[in-house]
Amino acid sequence: MAWDFETDPEFQKKLDWIEEFMREEVEPISHLGIVAHGHIGREKLIRPLQEKVKAQGLWACHLGPELGGQGYGQLKLGLMNEKLGRNGLAPTIFGCQAPDTGNAEIIAHYGTDKQKEQYLWPLLNGEIRSAFSMSEPTGGSDPLTFKTRAVLDGNEWVINGEKWYSTNAKWAKVLVVYAITDPDAKDPYRRTSIFLVPTDTPGVEIIRNVAVGAGGEIGGGNEGYVRYNNVRVPYDALLGERGAAFVIAQVRLGGGRVHHAMRTVGACKHALDLMCRRAVSRTTRDGRLSDLQMVQEQIADSWIALESFRLLVLRTAWLIDKHKDYNMVRKDIAAIKVAMPKVYNDIATKAAHLHGALGVSNEMPFMHMVTSSLVMGIADGPTEVHKVTLAKQVLKDYRPDNDLFPNYHIPKLREEAQARYAKELTEIKEAYAAQRGKADA
């Protein structure tokens, strides 16, 4: 039997380094705004930090050693991502930013040598960006409603359709595009294929870029609304087998959902920390906020929710490491995906409220956190879908009772118990009768 809630000393040193590095070098750069994200800014500000991460052996740790990673496994990644999750720039500096991580993973699993040479290694080295072009305006992320088609014309695929929320499309070198290739396939989940499409291919049009949350100019975000107008790509632009998009997607999305949850633990911890700092600092006519019982209740509820969520995430990571198969952990992955937006929203909302007017301004991070929590309820599948998955996985372990009354009906249980212990009950009754007889004498 092995239960352990401690981190081994050697890895704890890595976590301590990450903590200091985040505080001293990553977080200050994140406050420079857009200047850090342009080409020159990346070279002057971000590249040097990426080199420091590589020197520590902490670059792209979600990958196995064969791809230049450390092969840490999901549990260690969970502990790392808790620290990275409190700052949006951190994943880029540590080589584990979405959607590049998931895209690199499926190219590593299913790509040809040519595809790996062209896209995988540059992605892993942080030289290029990619976009995941799956969801559509008409049906969201439901693959059975996709309209985008890829038709074989000689030795080329011709792609037509529109995609919605292709994150980072405007920065991407390659688009990972889902398109229907076999509309008449008997199995509806074998109708769609994946293609690797260079962004500069004729016919690729970014209609506009959509921003998440309120405010800002229309067309100024990072979520690409992309149209494919008779986009021609060679036959070998196909990633994996024809019709295998759904299978490949599960490989990609399973890990992505877990990593979202890991980083959300860090974001929740950051919100709780700020809430507590405000509580012990801000005074009212009745004393500090931290002296008020309603504030104490909010902090207690937030701490319990965070720690419960964190343990569920770490246990899920441990199960993935144990089974080496996302399908065997579907129930747990669905559970953390369901819990994630609610816990994040509750804590971020409480933190914003505790800061008063300042908390809902753009001079504090909380409104961005609240918006992000709503995104987490949609990204990689809506909460409702994951609740259905979770319930189905739970119910698989139960069998129906076909009698009029269930087998846990108390009168039935009592009757069964009396029959099982009839001999003992008779002996007990006789013993009590004998005691009464002695007392009467």
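A charge sits over a ring if NZ of Lys or CZ of Arg is within 6 Å of the ring centre and within 35 degrees of the ring normal. Going by that rule, the charged end of Lys 54 sits over the ring of Trp 59, 4.6 Å from its centre. The charged end of Lys 163 does likewise with the ring of Phe 146, at 4.3 Å from the centre. The model here is a predicted one, where local features need pLDDT of at least 70, side-chain atom pairs count only at pLDDT 80 or more, and totals for chains, interfaces and linings use all residues. Residues are numbered from 1 along each chain as its sequence is written, and side-chain values use heavy atoms, with hydrogens and water left out.

Next come the aromatic rings. A pair of rings is described by the distance of the centres and the angle of the planes. Rings of Phe, Tyr and Trp (its six-membered ring) pair if their centres lie within 6.5 Å; planes under 30 degrees apart count as stacked, over 60 as edge-to-face and the rest as tilted. The count comes to 9 aromatic pairs. In one of them, Phe 11 and Tyr 72 have ring centres 5.2 Å apart and planes at 80°, so this pair is edge-to-face. Phe 11 belongs to helix 1 (residues 9-30), while Tyr 72 is in the loop between helix 2 (39-55) and helix 3 (74-84), 61 residues away. Helices (H or I, at least four residues) and strands (E, at least two) are DSSP runs, numbered from the N terminus. Both Phe 11 and Tyr 72 are buried, where buried means under 20% relative accessible area, exposed over 50%, and partly exposed in between (1.4 Å probe, protein chains only).

Trp 164 and Tyr 165 make a tilted pair, 5.2 Å centre to centre with 45° between the planes. Trp 164 is partly exposed at 27% relative accessibility, and Tyr 165 is partly exposed at 32%. Tyr 165, in strand 3 (residues 156-167), also has a positive phi, near 60°, despite not being a glycine.

The peptide bond from Ala 98 to Pro 99 is cis, and Pro 99 lies in the loop between helix 4 (90-93) and helix 5 (100-110).

Finally, there is Val 265 in helix 7 (residues 245-281), which counts as buried at 3% relative accessibility. Beyond its neighbours within four places in sequence, Val 265 is in contact (heavy atoms within 4.5 Å) with residues including Glu 82, Leu 306 and Phe 309.
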